[in-house]
Amino acid sequence: MGQLVEGVWKDEWYDTDSTGGEFKRDTSKFRNWVTADGRAGPTGEGGFAAASGRYYLYVSHACPWAHRTMIFRALKGLEEHIDVSVVHPEMLKEGWEFRTDFDGATGDRQFGLDYLRQVYLKTDPKMSGRVTVPILWDRETGRIVSNESADIIRMFNSAFDAVTGNRDDYWPEALRDRIAEVNDRVYDTVNNGVYKAGFATSQEAYDKAVHPLFDSLDWIEGLLAYHRYLTGDRITEADWRLFTTILRFDAVYHTHFKCNRQRVIDYPNLWAWARELYQWPGVAGTVHADHFTRHYYFSHDMINPNRIIPIGPRIDWTEPHNRG
Ligand SMILES: N[C@@H](CCC(=O)N[C@@H](CS)C(=O)NCC(=O)O)C(=O)O
(Lines give C-alpha, C1' and ligand atoms only; values in the text may rest on other atoms or scores of the structure.)
Protein backbone atom coordinates (compact mmCIF):
# COMPACT_ATOMS: atom_id res chain seq x y z
CA MET A 1 0.00 0.00 0.00
CA GLY A 2 1.42 3.36 -0.90
CA GLN A 3 1.15 6.28 -3.26
CA LEU A 4 3.07 8.38 -5.74
CA VAL A 5 4.65 11.64 -4.62
CA GLU A 6 5.91 13.65 -7.59
CA GLY A 7 6.46 10.47 -9.53
CA VAL A 8 8.20 8.57 -6.70
CA TRP A 9 6.58 5.60 -4.95
CA LYS A 10 6.17 5.97 -1.16
CA ASP A 11 5.05 2.91 0.77
CA GLU A 12 2.76 4.22 3.51
CA TRP A 13 -0.68 3.38 4.93
CA TYR A 14 -3.62 5.82 4.70
CA ASP A 15 -3.16 8.83 6.95
CA THR A 16 -5.91 8.71 9.58
CA ASP A 17 -3.90 10.58 12.28
CA SER A 18 -4.80 13.97 10.93
CA THR A 19 -8.54 13.14 10.71
CA GLY A 20 -9.37 11.72 14.16
CA GLY A 21 -9.17 8.15 12.88
CA GLU A 22 -11.38 8.71 9.83
CA PHE A 23 -10.61 7.33 6.36
CA LYS A 24 -11.01 10.06 3.72
CA ARG A 25 -11.11 8.89 0.11
CA ASP A 26 -9.17 10.96 -2.43
CA THR A 27 -10.90 12.24 -5.53
CA SER A 28 -9.95 10.69 -8.87
CA LYS A 29 -7.38 12.63 -10.94
CA PHE A 30 -8.18 11.70 -14.53
CA ARG A 31 -11.67 12.77 -15.52
CA ASN A 32 -11.85 12.87 -19.32
CA TRP A 33 -14.70 11.17 -21.16
CA VAL A 34 -15.01 8.92 -24.15
CA THR A 35 -17.98 10.21 -26.16
CA ALA A 36 -19.63 8.98 -29.35
CA ASP A 37 -18.10 11.76 -31.48
CA GLY A 38 -15.06 12.78 -29.43
CA ARG A 39 -16.56 15.99 -28.09
CA ALA A 40 -15.60 16.78 -24.48
CA GLY A 41 -17.79 15.20 -21.80
CA PRO A 42 -18.98 16.77 -18.52
CA THR A 43 -15.36 17.15 -17.30
CA GLY A 44 -11.87 17.15 -18.80
CA GLU A 45 -10.75 17.39 -22.41
CA GLY A 46 -12.25 16.19 -25.69
CA GLY A 47 -10.60 14.04 -28.34
CA PHE A 48 -11.65 10.62 -27.07
CA ALA A 49 -14.08 9.30 -29.66
CA ALA A 50 -15.61 5.86 -29.16
CA ALA A 51 -14.04 3.22 -31.41
CA SER A 52 -13.54 -0.52 -31.33
CA GLY A 53 -10.13 -1.56 -29.94
CA ARG A 54 -8.97 1.97 -29.07
CA TYR A 55 -9.59 1.82 -25.31
CA TYR A 56 -8.22 -0.55 -22.70
CA LEU A 57 -9.20 -1.31 -19.10
CA TYR A 58 -7.01 -2.07 -16.11
CA VAL A 59 -8.96 -3.69 -13.29
CA SER A 60 -8.74 -5.78 -10.18
CA HIS A 61 -11.35 -8.52 -9.80
CA ALA A 62 -11.19 -7.77 -6.06
CA CYS A 63 -12.20 -4.15 -6.31
CA PRO A 64 -15.89 -3.17 -6.13
CA TRP A 65 -15.26 0.05 -8.11
CA ALA A 66 -13.44 -1.74 -10.92
CA HIS A 67 -16.07 -4.46 -10.87
CA ARG A 68 -18.73 -1.93 -11.90
CA THR A 69 -16.81 -1.27 -15.11
CA MET A 70 -16.50 -4.99 -15.85
CA ILE A 71 -20.25 -5.42 -15.35
CA PHE A 72 -21.05 -2.56 -17.74
CA ARG A 73 -18.55 -3.93 -20.25
CA ALA A 74 -20.47 -7.23 -20.15
CA LEU A 75 -23.99 -5.71 -20.11
CA LYS A 76 -23.24 -3.43 -23.04
CA GLY A 77 -21.56 -5.99 -25.30
CA LEU A 78 -18.18 -4.27 -25.06
CA GLU A 79 -16.04 -7.33 -24.41
CA GLU A 80 -14.83 -7.61 -27.99
CA HIS A 81 -14.21 -3.86 -28.24
CA ILE A 82 -12.40 -3.07 -24.97
CA ASP A 83 -9.65 -5.41 -23.83
CA VAL A 84 -8.62 -5.83 -20.18
CA SER A 85 -5.64 -6.57 -17.96
CA VAL A 86 -6.24 -7.83 -14.42
CA VAL A 87 -3.86 -7.10 -11.54
CA HIS A 88 -2.82 -9.63 -8.90
CA PRO A 89 -5.26 -9.61 -5.94
CA GLU A 90 -2.59 -8.92 -3.31
CA MET A 91 -1.90 -5.21 -2.94
CA LEU A 92 1.29 -5.06 -0.88
CA LYS A 93 4.33 -2.74 -0.53
CA GLU A 94 4.51 -2.00 -4.24
CA GLY A 95 0.76 -1.38 -4.58
CA TRP A 96 -1.11 -3.17 -7.38
CA GLU A 97 1.22 -5.52 -9.26
CA PHE A 98 1.09 -7.42 -12.53
CA ARG A 99 2.33 -10.70 -11.02
CA THR A 100 0.60 -13.66 -12.65
CA ASP A 101 0.92 -16.30 -9.91
CA PHE A 102 -2.82 -16.29 -9.18
CA ASP A 103 -5.52 -17.70 -11.40
CA GLY A 104 -7.11 -14.87 -13.43
CA ALA A 105 -4.29 -12.34 -12.82
CA THR A 106 -3.30 -11.65 -16.42
CA GLY A 107 -0.22 -9.46 -16.04
CA ASP A 108 0.03 -6.29 -18.13
CA ARG A 109 -1.03 -7.58 -21.54
CA GLN A 110 -0.38 -4.21 -23.22
CA PHE A 111 3.11 -3.17 -22.11
CA GLY A 112 4.45 -6.01 -19.93
CA LEU A 113 4.92 -3.64 -16.97
CA ASP A 114 5.47 -4.90 -13.41
CA TYR A 115 3.39 -2.41 -11.43
CA LEU A 116 0.16 -0.51 -12.04
CA ARG A 117 1.84 2.75 -10.97
CA GLN A 118 3.92 2.56 -14.16
CA VAL A 119 0.71 2.97 -16.18
CA TYR A 120 -0.01 6.21 -14.27
CA LEU A 121 3.60 7.38 -14.75
CA LYS A 122 3.30 6.88 -18.53
CA THR A 123 0.56 9.54 -18.47
CA ASP A 124 2.14 11.84 -15.88
CA PRO A 125 5.76 11.11 -14.87
CA LYS A 126 5.47 13.55 -11.94
CA MET A 127 2.12 12.35 -10.69
CA SER A 128 1.21 12.60 -7.00
CA GLY A 129 -1.66 10.55 -5.65
CA ARG A 130 -3.08 7.09 -5.22
CA VAL A 131 -2.60 4.34 -7.76
CA THR A 132 -6.08 2.93 -8.09
CA VAL A 133 -8.10 0.62 -10.31
CA PRO A 134 -10.02 0.92 -12.57
CA ILE A 135 -8.13 2.80 -15.29
CA LEU A 136 -9.50 3.45 -18.76
CA TRP A 137 -6.51 3.82 -21.11
CA ASP A 138 -6.43 5.31 -24.62
CA ARG A 139 -4.14 3.38 -26.96
CA GLU A 140 -4.22 6.14 -29.58
CA THR A 141 -2.89 9.02 -27.46
CA GLY A 142 -1.09 6.69 -25.03
CA ARG A 143 -2.60 8.05 -21.84
CA ILE A 144 -5.23 7.58 -19.18
CA VAL A 145 -8.70 8.81 -20.10
CA SER A 146 -10.28 8.26 -16.69
CA ASN A 147 -9.69 6.56 -13.36
CA GLU A 148 -13.18 7.21 -12.01
CA SER A 149 -15.49 4.20 -12.15
CA ALA A 150 -18.69 6.27 -11.84
CA ASP A 151 -17.74 8.13 -15.03
CA ILE A 152 -16.50 5.03 -16.86
CA ILE A 153 -19.81 3.20 -16.43
CA ARG A 154 -21.68 6.24 -17.81
CA MET A 155 -19.37 6.23 -20.84
CA PHE A 156 -19.94 2.51 -21.34
CA ASN A 157 -23.71 3.03 -20.96
CA SER A 158 -24.02 5.06 -24.14
CA ALA A 159 -20.82 6.26 -25.88
CA PHE A 160 -20.23 3.00 -27.75
CA ASP A 161 -23.84 2.34 -28.80
CA ALA A 162 -23.10 2.94 -32.49
CA VAL A 163 -20.12 0.57 -32.26
CA THR A 164 -21.99 -2.27 -30.55
CA GLY A 165 -25.62 -1.70 -31.60
CA ASN A 166 -26.51 -2.29 -27.92
CA ARG A 167 -28.86 0.50 -26.80
CA ASP A 168 -29.77 -0.81 -23.33
CA ASP A 169 -29.93 2.22 -21.08
CA TYR A 170 -29.07 2.11 -17.38
CA TRP A 171 -29.24 5.89 -16.94
CA PRO A 172 -32.64 6.78 -18.42
CA GLU A 173 -33.42 10.48 -18.66
CA ALA A 174 -36.68 10.27 -16.70
CA LEU A 175 -35.02 8.64 -13.68
CA ARG A 176 -31.83 10.69 -13.50
CA ASP A 177 -32.80 12.81 -10.48
CA ARG A 178 -33.87 9.79 -8.49
CA ILE A 179 -30.77 7.84 -9.54
CA ALA A 180 -28.60 10.74 -8.35
CA GLU A 181 -30.35 10.81 -4.95
CA VAL A 182 -29.96 7.08 -4.44
CA ASN A 183 -26.35 7.11 -5.69
CA ASP A 184 -25.38 9.91 -3.31
CA ARG A 185 -26.65 8.11 -0.24
CA VAL A 186 -25.41 4.68 -1.35
CA TYR A 187 -21.95 6.03 -2.25
CA ASP A 188 -21.41 7.84 1.02
CA THR A 189 -22.88 5.32 3.45
CA VAL A 190 -22.56 1.94 1.71
CA ASN A 191 -19.97 1.81 -1.11
CA ASN A 192 -17.58 4.06 0.78
CA GLY A 193 -19.26 3.41 4.15
CA VAL A 194 -17.81 -0.09 4.45
CA TYR A 195 -14.32 1.34 3.88
CA LYS A 196 -14.90 4.14 6.37
CA ALA A 197 -15.92 1.55 8.99
CA GLY A 198 -13.11 -0.85 8.08
CA PHE A 199 -10.25 1.63 7.88
CA ALA A 200 -11.32 3.66 10.94
CA THR A 201 -8.63 3.84 13.59
CA SER A 202 -10.80 5.20 16.40
CA GLN A 203 -14.08 3.99 17.91
CA GLU A 204 -15.68 7.36 17.11
CA ALA A 205 -14.75 7.16 13.44
CA TYR A 206 -16.03 3.58 13.24
CA ASP A 207 -19.33 4.47 14.95
CA LYS A 208 -19.75 7.46 12.65
CA ALA A 209 -19.57 5.16 9.63
CA VAL A 210 -21.22 1.94 10.76
CA HIS A 211 -24.55 3.37 11.95
CA PRO A 212 -25.34 5.21 8.69
CA LEU A 213 -24.27 2.08 6.79
CA PHE A 214 -26.89 -0.10 8.48
CA ASP A 215 -29.49 2.71 8.41
CA SER A 216 -29.03 2.71 4.64
CA LEU A 217 -29.29 -1.08 4.34
CA ASP A 218 -32.55 -0.88 6.35
CA TRP A 219 -33.78 1.88 4.01
CA ILE A 220 -32.88 -0.17 0.93
CA GLU A 221 -34.64 -3.23 2.38
CA GLY A 222 -37.76 -1.03 2.64
CA LEU A 223 -37.43 0.31 -0.92
CA LEU A 224 -37.12 -3.21 -2.28
CA ALA A 225 -40.34 -4.23 -0.53
CA TYR A 226 -42.23 -1.89 -2.90
CA HIS A 227 -40.08 -1.78 -6.00
CA ARG A 228 -38.24 -4.48 -7.83
CA TYR A 229 -35.18 -2.21 -8.23
CA LEU A 230 -33.79 0.73 -6.30
CA THR A 231 -35.41 3.45 -8.39
CA GLY A 232 -38.56 1.62 -9.52
CA ASP A 233 -39.50 -1.19 -11.86
CA ARG A 234 -36.50 -0.94 -14.13
CA ILE A 235 -32.89 -1.74 -13.39
CA THR A 236 -30.51 1.22 -13.51
CA GLU A 237 -26.91 2.10 -12.74
CA ALA A 238 -28.00 2.73 -9.13
CA ASP A 239 -28.59 -1.02 -8.74
CA TRP A 240 -25.28 -2.00 -10.31
CA ARG A 241 -23.35 0.51 -8.22
CA LEU A 242 -24.79 -0.97 -5.03
CA PHE A 243 -24.48 -4.58 -6.19
CA THR A 244 -20.67 -4.81 -6.20
CA THR A 245 -20.54 -3.80 -2.53
CA ILE A 246 -23.39 -6.13 -1.54
CA LEU A 247 -21.70 -9.02 -3.36
CA ARG A 248 -18.62 -8.67 -1.12
CA PHE A 249 -20.50 -7.89 2.07
CA ASP A 250 -20.99 -11.21 3.85
CA ALA A 251 -17.70 -12.73 2.69
CA VAL A 252 -15.51 -9.71 3.45
CA TYR A 253 -16.99 -6.54 4.91
CA HIS A 254 -19.00 -8.29 7.61
CA THR A 255 -15.84 -9.83 9.09
CA HIS A 256 -12.83 -7.91 7.83
CA PHE A 257 -14.34 -4.41 8.05
CA LYS A 258 -16.39 -5.16 11.21
CA CYS A 259 -19.72 -4.44 9.49
CA ASN A 260 -21.38 -7.16 11.51
CA ARG A 261 -24.71 -5.88 12.77
CA GLN A 262 -26.39 -8.00 10.10
CA ARG A 263 -25.46 -9.94 6.99
CA VAL A 264 -26.98 -9.39 3.56
CA ILE A 265 -28.64 -12.81 3.80
CA ASP A 266 -30.53 -11.54 6.87
CA TYR A 267 -32.38 -9.00 4.69
CA PRO A 268 -34.93 -10.99 2.61
CA ASN A 269 -35.58 -8.33 -0.05
CA LEU A 270 -31.98 -7.22 -0.41
CA TRP A 271 -30.75 -10.81 -0.60
CA ALA A 272 -33.29 -11.77 -3.30
CA TRP A 273 -32.45 -8.58 -5.27
CA ALA A 274 -28.73 -9.40 -4.98
CA ARG A 275 -29.29 -12.93 -6.32
CA GLU A 276 -31.34 -11.58 -9.21
CA LEU A 277 -28.51 -9.24 -10.18
CA TYR A 278 -25.91 -11.98 -9.79
CA GLN A 279 -27.99 -14.20 -12.07
CA TRP A 280 -28.47 -11.45 -14.68
CA PRO A 281 -27.09 -12.60 -18.06
CA GLY A 282 -23.34 -11.95 -18.25
CA VAL A 283 -22.86 -10.91 -14.64
CA ALA A 284 -21.78 -14.12 -12.86
CA GLY A 285 -18.83 -14.35 -15.26
CA THR A 286 -17.50 -11.05 -13.87
CA VAL A 287 -17.52 -12.33 -10.26
CA HIS A 288 -14.24 -13.71 -8.88
CA ALA A 289 -14.73 -14.35 -5.18
CA ASP A 290 -11.24 -15.85 -4.83
CA HIS A 291 -9.78 -12.47 -5.86
CA PHE A 292 -11.74 -10.50 -3.33
CA THR A 293 -11.19 -12.78 -0.35
CA ARG A 294 -7.47 -12.96 -1.16
CA HIS A 295 -7.19 -9.21 -1.68
CA TYR A 296 -8.80 -7.94 1.47
CA TYR A 297 -7.56 -10.52 3.95
CA PHE A 298 -3.99 -10.33 2.56
CA SER A 299 -3.51 -6.65 1.78
CA HIS A 300 -4.39 -4.86 5.00
CA ASP A 301 -1.64 -5.68 7.48
CA MET A 302 -2.98 -3.47 10.21
CA ILE A 303 -6.41 -5.16 10.11
CA ASN A 304 -5.42 -8.80 9.47
CA PRO A 305 -1.64 -9.14 10.07
CA ASN A 306 -1.62 -12.94 9.91
CA ARG A 307 -3.48 -13.03 6.60
CA ILE A 308 -5.82 -15.80 7.66
CA ILE A 309 -8.78 -16.11 5.30
CA PRO A 310 -11.87 -17.10 7.29
CA ILE A 311 -13.87 -20.17 6.29
CA GLY A 312 -17.31 -18.76 5.62
CA PRO A 313 -19.93 -17.95 4.90
CA ARG A 314 -21.62 -20.69 2.91
CA ILE A 315 -23.85 -18.75 0.50
CA ASP A 316 -25.58 -20.00 -2.63
CA TRP A 317 -25.79 -17.15 -5.14
CA THR A 318 -27.50 -19.45 -7.64
CA GLU A 319 -30.50 -20.17 -5.41
CA PRO A 320 -33.64 -19.07 -7.35
CA HIS A 321 -34.55 -15.46 -6.50
CA ASN A 322 -38.29 -15.94 -7.12
CA ARG A 323 -38.82 -12.27 -7.93
CA GLY A 324 -41.33 -11.28 -10.54
N1 LIG B 1 -12.96 6.71 -7.11
C2 LIG B 1 -12.32 5.56 -7.56
C3 LIG B 1 -11.90 4.68 -6.40
C4 LIG B 1 -11.15 3.46 -6.86
C5 LIG B 1 -10.43 2.77 -5.69
O6 LIG B 1 -10.33 3.30 -4.57
N7 LIG B 1 -9.91 1.55 -5.95
C8 LIG B 1 -9.17 0.84 -4.91
C9 LIG B 1 -9.35 -0.65 -5.01
S10 LIG B 1 -10.91 -1.21 -4.45
C11 LIG B 1 -7.69 1.05 -5.11
O12 LIG B 1 -7.17 0.86 -6.19
N13 LIG B 1 -7.01 1.44 -4.03
C14 LIG B 1 -5.59 1.64 -4.00
C15 LIG B 1 -5.19 2.76 -3.07
O16 LIG B 1 -6.06 3.42 -2.50
O17 LIG B 1 -4.01 2.95 -2.92
C18 LIG B 1 -13.29 4.86 -8.49
O19 LIG B 1 -14.45 4.66 -8.11
O20 LIG B 1 -12.90 4.56 -9.61
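**Helix 5 and helix 8**

I began with two helices of this predicted model, and I looked up how helix 5 (residues 176-191) lies against helix 8 (residues 237-256): their axes come within 9 Å and cross at roughly 10°. I noted for myself that two packed helices are described by the angle between their axes and the distance between the axes. Angles under 35 degrees count as roughly parallel, and therefore I wrote down helix 5 as roughly parallel to helix 8.

Next I asked which residues meet in this pair. On the side of helix 5 I listed Ile179, Val182, Asn183, Val186, Val190 and Asn191, and these meet Glu237, Ala238, Arg241, Leu242 and Thr245 in helix 8. Sorted by class, the contact of helix 5 with helix 8 has 6 nonpolar, 3 polar and 2 charged residues.

**The two domains**

I then looked up how the chain is divided, and I found domain 1 (3-164) and domain 2 (173-286). The centres of domain 1 and domain 2, taken over C-alpha atoms, are separated by 23 Å, and 16 residues of domain 1 are in contact with 20 residues of domain 2.

Which helix gives the most to the side of domain 1 that touches domain 2? I recorded helix 1, with 7 residues, while noting that helix 1 and helix 3 each supply at least two residues of that side.

**Around the ligand**

My next entry concerns the ligand, which has 14 residues around it, and of these Cys63, Trp65, Arg130, Thr132 and Ser149 come nearest. The elements that give two or more residues to this shell are helix 1 (64-75) and helix 3 (149-158). I also sorted the shell by class, which gave 8 nonpolar, 4 polar and 2 charged residues.

**Asp114**

Is Asp114 buried, exposed or partly exposed? I counted 13 other C-beta atoms within 10 Å, so Asp114 is partly exposed; the exposed class ends at 12 or fewer, and the buried class begins at 20 or more.

Leaving out residues up to four places away in sequence, I found that Asp114 touches Glu97 and Phe98. I also checked Asp114 against Val87, and although these two are 27 residues apart along the chain, their C-alpha atoms are separated by 9.8 Å.

Terms used. Residues are numbered from 1 along each chain as its sequence is written. This is a predicted model: local features need pLDDT of at least 70, side-chain atom pairs count only at pLDDT 80 or more; totals for chains, interfaces and linings use all residues. A residue is near a molecule or strand if its C-beta atom, placed from the backbone, lies within 6 Å of it. Helices (H or I, at least four residues) and strands (E, at least two) are DSSP runs, numbered from the N terminus. Ala, Val, Leu, Ile, Met, Phe, Trp, Tyr, Cys and Pro count as nonpolar, Asp, Glu, Lys and Arg as charged, and the others, Gly among them, as polar. Two residues are in contact if their C-beta atoms, placed from the backbone, lie within 7 Å. Axes are lines fitted to C-alpha atoms, for helices over the stretch in contact, and angles run from 0 to 180 degrees between N-to-C directions. Angles under 35 degrees count as roughly parallel, over 145 as roughly antiparallel, 65 to 115 as roughly perpendicular and the rest as oblique. Domain bounds come from an automatic or database domain assignment.
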